[in-house]
Structure formats: structure tokens, C-alpha cells
Amino acid sequence: MASEEASLRALESLMTEFFHNCTTNERKREIEELLNNFAQQIGAWRFCLYFLSSTRNDYVMMYSLTVFENLINKMWLGVPSQDKMEIRSCLPKLLLAHHKTLPYFIRNKLCKVIVDIGRQDWPMFYHDFFTNILQLIQSPVTTALGLIMLKTTSEELACPREDLSVARKEELRKLLLEQVQTVLGLLTGILESIWDKHSATAATPPPSPTSGESGDLLSSLLQGPSASKLLNQPIPILDTESEHICCLALECLAHLFSWIPLSSSITPSLLSTIFHFARFGCDSRGRKACAVNGGSPGAGQGPGQERARLGVLAMACINELMAKNCVPMEFEEYLLRMFQQTFYLLQKITRENNAHTVKSRLEELDESYIEKFTDFLRLFVSVHLRRIESYSQFPVVEFLALLFKYTFHQPTHEGYFSCLDIWTLFLDYLTSKIKSRLADKEAVLNRYEDALVLLLTEVLNRIQFRYNQAQLEELDDETLDDDQTEWQRYLRQSLEVVAKVMELLPTHAFSTLFPVLQDNLEVYLGLQQFVVTSGTGHRLNITAENDCRRLHCSLRDLSSLLQAVGRLAEYFTGDVFAARFSDALTVVERLVKVTLYGSQIKLYNIETAVPSVLKPDLIDVHAQSLAALQAYAHWLAQFYSEVHRQNPEQFISLVSTALEAITPLISSKVQEKLLLSACHLLVSLATTVRPVFLSSIPAVQKVFNRITDTSAQRLPDKAQVLVCRALSNVLLLPWPNLPESEQQWAVRSTNHASLVSALTRDYRQLKATASLPQRKVQLEDTKVIIHQTLSVLEDIVESVSGESTKSRQICYQSLQESVQVSLALFPAFIHQSDVTDEMLSFFLTLFQGLRVQMGVPFTEQIIQTFLNMFTREQLAESILHEGSTGCRVVEKFLKILQVVVQEPGQVFKPFLPSVISLCMEQVYPIIAERSSPDVKAELFELLFRVLHHNWRYFFKSSVLASVQRGVAEEQMENEAQFSAIMQAFGQSFLQPDIHLFKQNLFYLETLNTKQKLYHKKIFRTTMLFQFVNVLLQVLVHKSHDLLQEEIGIATYNMASVDFDGFYSAFLPGFLASCDGVDSNQKNVLGRNFKMDRDLPSFTQNVHRLVNDLRYYRLCNDSLPPGTVKL
């Protein structure tokens, strides 16, 4: 024993040293290596068994258990059977002897190790594994331990994580399913007996003043008085031990429910028992129960928390059942009963009485319980509502009333958001139900109308400071998370609910929203009377603190309501235009009036008493009124097409007034938020509405003059681009409702040419000095001119790319000189990757939008220039030395080539050889070996487009030849290039980048679907099984596990081209080449791969092969060296 004793002391001091904060990392590595070597020794487990029974050092125990875990999961096959028997008998004895005294994490780890043995040996060599667990549960002294073992068994055996053979996984699941009924019976018994035992002792409280309403709302649900009576029993007060056991039992149930099928094993008595425990969560005494258990609430948080936890765990069980979408017929009744009981709980949570408001009740409950309850409601609405709504005895409207109370009394913002999500699901459900049953539309809407109007009103109140100031002021409007602040998210989610109600009940929604908007508008429009002229400008004469605060709230509300009105614009257009015309006209007239008012009295430049608060408020309202008006652009366009022939006066007046509101704001002195709103509105009027009179309005002419005047200060970049887009569109886009002969193209073309000429004056002058060396300051100025001009031109081209041929022709005529200048400048800036990046962006947009207008000769010149400039050295410099900008330049160049090779017809076919050689001989060698994904995705997309759009460059298909031969064996051309491209695809599957793998697999599959790639002779005879081999190896190495399904399908599509070859030659060859498995195992793997030819069976066979191959390798690695296998 001395050596064991000495080893233990040595191990204890090593462990203490390892975890001491003075130990260096170097020394830690030495100790780690020493411990690993010790663990690898045959027989190390005997020492560990001694350590476990003789030490009190947690680190030593944890280490010893890790040695056992490693032995069982990785080396078990090579352990002599005598040793296995000894381990199987010693570890459970150790657990039984010490489970009360061991720290919980050591006890749980020991349980896991014993369960791991069961996973390998039960029932053949460890036949009493499961009966032992059942006995532990049934013996009162060890119930808790048995439940821990049971939960661990469910976790480790039902969904085994470590590698087991597929046959063993299936066997384990079958064995466990045979035990389910017994286990559920045991768990039900434990929970019921504890509840009953403590219920008897719980004193019955005096009837409360509200007990008369024991189920008024939902009494119709609870079948017979007995259920309702049961649920109204007082909640027993459990001792700590009982609470602990109930928690463990509920945890077991939740895990079991996650994998067992819904069936009669889940009995009504089990369900109602779980619901009894769910009541612990609604009992606000849960938080105070600590006091009952003999400690002040502040002292030990234990018992009270356990009590609340019972409710959380019970709800987790319920949600596991709820999440199952597929419900067998015989289980539907159980479900209905579950809903009835849960809604009883919901009613209990949201009941008001004199002492408590609903909100204060919810605040008292455990946060996790509320979270679980909200999950339940979400699952109910998203998964089961359509099933349950048809039950006549289920009162959906009353349920909505409870959900309403629950939603609007949530104690946290997150809780409120989650409830709004549930309403959104409900509104989506209603909308789709009405679309599928138009005949019942009125009946459905009448049933829910009151609930929806109530919801709408309350959501609108919630976004207004007038009703909800305290909560709204807590929301953060500074920090961006996912591109929006907390306040913006709150507003957006609320407005989505408003919009969905609007879709269902347009008239109600409008009549609810508009008066509220009107009230706040009155305040805003009334500010004019408080504007006084002071020495420095205009000042708002409102100074009392209270008045400023009220104004602040009113302006914030107006801004939110303007966003709401904008969000609803889509519900006034299309088929309902005429029916809702007057409502929409009222809105648009108000918006036009408000925007003009803001611009005329220049509220954005006014001095206020609290500039840090009121000035941003005034700017925001002004910006939101412009944005809301912009949302009605489609409505204005429809209005225009209805009235352009007869009396368009009203329309002309609306548009002219809107332009009067916009023009004063287009200035570099106006705050950017407001300036951009004005620019966006101008773009919408020019692009969506397109009135014929736009360019003749003085306000628009003023903007033209401002933009083309070189002495005026340039607008910020974004605004400049938007205004130029608007002005260009005024001249380029065809006017709606007019024939071609009345479009006045000649005048518009001249005007557009002079607009572009003015915008590019400085840029065109660069051509003369392009080739001269520039000083640093000069170079920076040149770069600014290039950036400013190209961003405007690129945007102008993009905005006409989808328009008529005439618009694109005029656009190209105006731009022609600038395009030629760009091409001349390109070589001078080839080493300035930031400039090249912008130039290639511009050329890419030109190719996408105006390649027809540019004509073949010029396009050829551009491509030839690029191909000459991007030499191997230049590509290497860009990709390897210039970082992300350099890579972006090459990516854009490849994108331009993608557009070129997709062009139908023969025009650009002469470029194919040089494009392919650029890809395969220049770009590919540079990036092939780099791990970085840069450039790869674009290169492979280009190769895919080369193949997909130019298939006949490789495969000349002649109809006559195929008829004569009877078999379409096509002639192959450019075979070397085709093989090189395929090889590059094959190489990409050996690299770790999962996005590239997914993309390239998709490309090959597309080529097979569209062009029968896998069937081509060259692919079938020289590449097919190489690809299958690579895909199987990837599955075996688990390097791209997320793509298992896609890889399985691709393997099938390849193998199915030649199943005979796959089964007779490839599979035996693949198995023969597998290392780490013996010939007997290879035979088993081959036998288990059935010769199925349908997709589901084949992919199942592939996954079985991969799983079992990994398992055999693991087993063989675990055998001690020198093991002889017969």
C-alpha cells in the first residue's frame, strides 16, 4: 500500500501546486504532461480507485474520475474482462458509500462515469445497470441519487454524444423506450406522494374575498368542479428535502419529454401533477417562503428559491410537450386539458385584487418563471392555436383578454417585447386564415374585432410619453445594437403590431390613430405664436421648466405617430385606393402642410430654452414629417395616374407645396438628419411619382442651379449623391401616362448632358495631367475629385439600370466622355488601391447597367485594358500586400468578368480563353494555398459562370451526331482547361472554409441539374469517384459537419450516375484504403451498406458508414499496444 499512499501524497501536492496562483504556465505544462502520462499507463485505474476512496482533495478526485472517463470512453475495448467486472462493481459501491458527503460536482461526475459504463455494457455485461437505478429511486434514502442517475442516463443514452456504432445507438434507444412507462410511473408516484403528504398538513386559509371567481373566465374549461377544486387547493409548504427531490424529478421529466414520443405513457394524472407544481411559480409567496422555513428572507436564499424553481421546472416540462408539432390523435385531448390548466394559471397570475395590481403581482414572481410562461404562450399561439380554435369549448376570446392583461403588465421591456411577438404571431395567423377563407372573413373579424381594437389602442398608448413616460424614459436611444437603439427597436416592434391590425381592420385603425396624431400636430403647429425675433435670430419663447417638459413629450410623441402614419401608407394603395381615398388625402394634406410649416418658420434653426433637448426634438419631428410624406409616394403616383387627364389641380398643388418645403432644406447649413430626409423625399418624387411638370417648377430649377453652380458649397457626400440622382431621374425617367411621342426626349437629353457636364467638370480636366508625377498634396486633391465624381456617376447609372432603353441611351451619351476619362486614368492609379477600388466599382455598375449602350468595341477596349493591367505581379501585389482594399479591387475585377462571361450571344466569346487563363494561371496559384477566404468566392463564382453560360465552349453538342450514334456522347473541346477548373473545385473541398465549401458544392450540383455535369464522359470516367472519395473523407473527418445533409445528397447524385461502379468498385476500394480498421471491420462496414438506390436510404447508409468507421477507429486506438486480434 505504501506506493499507493506515496503516489496519493505526491498527486495531492502536484494538484495543489498546479492550481496555486504563483505557479508559472511552464510548470503547469510540465505537471499536465506528467498527469497525462500517468493516466495512459495500463492499470492506472487501480491507483485512481484508491485515490477516490482515500482522499478529501477535490482536484485529486476530479482527476481520478477523468482517468476513468477516458478509460471507459476511449480504451474500454482493450480492458481485460476481469478488470471491467471489478470496475463495474467498485464504482457503484463507492458512490453508495460516499454520495451524502461528496461535493455535488464530484458526485455528478461519478454518476456520469457509471452511466458511461452502462452505455457500453448494458444489458449484455451490466445487466442490472437500469434495475439498480430504479431500486435507488424507490428507496427513500437514495431517491435523490437515483434521480440524478436517471437524468444522466437519459442525457447520455437517448442522444449519445460520443461515438457509438449506429446499431448500438438504435439498441440503446429501444432499450430505454421499453423502460419509459415504468420510469414515468415512478416519477408520477414520487411527485404525487410528496404533494399529498404535505397537502394534508397545509392549513386551509380562510376564504378570500375573491375566491368566488374561482374560474369565472375559464370555468367552462375545467371539466367538472373537481379539476377546478383541485387547482384551488392551497399550495403545500414543502420541507427542503422534498423540494430538492421534486426538483430532480421534474428535471428528469423535462429531459425525458425532449425525446420520448407523445403517447399514452404520458398519463392525465402525470400531467395534472406537473400542473400542480407549475402553481409554485404563480405563488408570490415563493419569494417569501424563506421566512416560513425558519430564516429571515434576507438570510439563506435557499428554500424560497427552490420553491420558485419548482414552478420554473414544471413549466419547462410543459413547454417540452408543447414544442412537439406532430400530435397523435389520441393525445389531442391531453393537450386540450394542458391548455385548460395553463390558462387557469394565467388567470391566477393576472387576477387583480384589492391588495395587488397585476403588475406588482408579476414583479413578485420569479423572472425565469415569467420567461417560461411567455414561452408557453408563444408555443400555444404558433403551434397549437389552429388545432385548438376549432374546439367549441375553448374560449379563444377570453384567452386573448388574459394575454392582453399579461402583455401590458409585463415588469420588463424584454418581457413586453416577447409578448408583442406573440401578438404578431396571432395577427399573422388571423391574416392567413382570412386569406384562405375569404367567405368567412366578416365572421372571423367580428369575433376578434374588440380584442384587436383594444390591442391597437394600448400599443399606441405605450409608445406615447403622454401615457407611458416613466417606462419610455428608461429606454436607451444612444447605443446601437444590430443597427438600432433600444428605443428604435421598441417603436419598430410596436408599429409592426399597429400595421398588422391596420391590415385586418383598416377603418378602425385609421380612426384610432388619426385623432391622436391630430392632437399632437395642433401643439406643433401652434408653436408659431411663441416664436419671437431676437438680436441673433428667432427664439422660441417657452421657458417654464414644466412647459418645456410637456413640449418635449408632445414632440417625441408626434415623431412616433408620424412614423406610425408612414408605416400605414401601404394600406391605402392598390385595389383599395378608391375606397380609402379620402382618408389618405386627409393624411397627405396634413403632412404637406406640416413639412412646409417646419421649413417656413425654420424650427430647425430656432433658439430654445433647453437647446440640448428641444432642438433635436424639433429637428426630428421635421425629418419624420418628410419621411412620412415620402412613404406616401406610391399613393401619390396612383393619384397622379387617376387624375392626370381630368382635373389634376389638387395633385399639382400637393407636389408643388411639398417641393417648396424641400428646397430650403437642401443646403450645407442644415443638419444632416433633416437634409437627408428632404433629399430622400425629393428622390421619391422624381423616381416614383415622376410628374411631367416637375422640371418646370421654380423650386426644382433652384435646386438644379444650386447643384451645378461651382461657387456654391458642396453638400455632404450622401446628400450630394441623392440630389444628383433626383435631378438626373427628373430628366431620364419616362413620364407615366404619356405616349413616347410626348416624352420630349430631345430637350431632356440636352439638359441631362449639361447637368452631367457641370457635375464632372473638374474630373474631366484630370485627363491632361494623369500621366504626370503628382506631389502628395496634389494627389490627395485628385483623389477627392475622383471619389466625389465617381460616387455621383455610379449612383446615376445604378438608378437607370432597370429602366427603358431610351433612358439608358441618354444616360450613356451624357456619361461617355467621363467613362473614357476613367479608362485613361485607370493605368495611372493602378498602384493606388483605394482609387482603383472606386474606379472598378464604377465600371462594374456600367457593365451591369449600360453594357448594351457602351457597344462592343469600347467594351472590348475596357476589358483588354484591365487584362493588360492585371498582370501576375500586379495581382500578387494587390492580394498579398495591400490587405483588404487590394483584395476588394481584384474581387471587383472578377465581378466585371462575371458580367462579361454571362452575356448571351457570340460578342464576348473571344475573351473566354484569356479569362480562363487569367483565372487558372494567374489568380488561382496566388490564392490556392492561402487559408484566407479573400477573392476565392468571387473566383469560383466566375469559374462557375464560365461553365454555366458557355457550356458549348467545352461540349460541342451536335443534334445530328447524337441521332446517328443513338447515344449523346458529345465532342469535348478545351479539355485541359475544363480539367483544371474541376481540379480547382476538388481542391476547394479540402480546405477548412465552410462557406466556400457550401458555395462550390451548390455550383457543382447546379451544373449537374442544368447541364448533366456528372453524366459527361470526362467527369464520369476520370473525376466522379475522386469527388465522392473527397466528400466521404470530409464526412469522416467531421470538418464540415454543418453541411452533412448537402454532402449526403451530392454524394448520392454523383453515385447514382453509375451505381454499379459505385457498389462493385468504388466502395470496396474506399474501404480497402481506409486505415485504422481491420479486414473484419471493413467487411462489416461493407455488408451494412445496403445496395439501396433511393435517396433517403442511400444517404442513411452513407451516414451509417461514416459513423461506424469513426467508431471502429476509436475502438482500435484504445487497444493496448501489441494486442493480437483473431
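Are Phe-426 and Tyr-448 buried or exposed? In this predicted model, both Phe-426 and Tyr-448 are buried.

A search of the whole structure finds 76 aromatic pairs. One of them joins Tyr-50 and Phe-51, whose ring centres are 6.4 Å apart; their planes stand at 65°, so the pair is edge-to-face, the term used for angles over 60 degrees. Tyr-50 has a relative accessibility of 14% and therefore counts as buried, since the limit is under 20%. Phe-51 is also buried, with a relative accessible area of 1%. In the pair formed by Phe-426 and Tyr-448, the ring centres lie 5.5 Å apart and the planes are at 85°, so this pair too is edge-to-face. Phe-426 is part of helix H19 (residues 413-436) and Tyr-448 is part of helix H20 (residues 441-462), so the contact ties together parts that are 22 residues apart in sequence.

Ring pairs also build a cluster. Its members are Phe-1025, Tyr-1052, Phe-1059, Phe-1062, Tyr-1063, Phe-1066, Phe-1070, Phe-1089 and Phe-1098. Aromatic rings take part in contacts with charged side chains as well. Arg-748 lies over the face of Trp-735, at a distance of 3.9 Å from the ring centre. Over the ring of Phe-955 sits the charged end of Lys-1016, 5.6 Å from the centre of that ring.

Helix packing is illustrated by helix H3 (residues 44-54) and helix H5 (residues 81-98), whose axes come within 12 Å and cross at roughly 10°. Angles under 35 degrees count as roughly parallel, and H3 and H5 are therefore roughly parallel to each other. On the H3 side, the residues that meet H5 are Trp-45, Arg-46, Leu-49, Leu-52 and Ser-53. Their counterparts in H5 are Asp-83, Glu-86, Ile-87, Cys-90, Leu-91 and Leu-94.

A further case is helix H39 (residues 872-881), in which Gln-874, Leu-875, Ala-876, Ser-878 and Ile-879 are buried. These buried residues pack against helix H38 (856-869), helix H40 (883-902) and helix H41 (912-927). Just after H39, Gly-883 adopts a positive phi of about 65°.

Thr-342 is found in helix H15 (residues 332-349). Its relative accessibility is 0%, so Thr-342 counts as buried. When residues up to four places away in sequence are not counted, Thr-342 touches Phe-275, Met-315, Phe-373 and Phe-376. His-384 is located in helix H17 (residues 367-388). With a relative accessible area of 0%, His-384 is buried. Leaving aside neighbours within four places in sequence, His-384 is in contact with Met-322, Lys-324, Val-327, Leu-335, Phe-339 and Leu-379.

Strand S1 (residues 531-534) and strand S2 (residues 537-540) pair in the antiparallel sense, over four bridges. A hairpin of two residues joins S1 to S2. Within this pairing, Val-532 has Arg-539 in S2 as its bridge partner.

Note on methods: Residues numbered from 1 in each chain as written. Predicted model: local features only at pLDDT ≥ 70, side-chain atom pairs only at ≥ 80, totals over all residues. Heavy atoms only, no water. Pairing = 2+ DSSP bridges. Phe/Tyr/Trp six-rings, centres within 6.5 Å; stacked < 30°, edge-to-face > 60°. Buried < 20%, exposed > 50% of the residue type's maximum accessible area, 1.4 Å probe, protein only. Lys NZ or Arg CZ within 6 Å of the ring centre and 35° of its normal. Contact = heavy atoms within 4.5 Å. Axes fitted to C-alpha atoms, helices over the stretch in contact; angles between N-to-C directions. Parallel < 35°, antiparallel > 145°, perpendicular 65-115°, else oblique.
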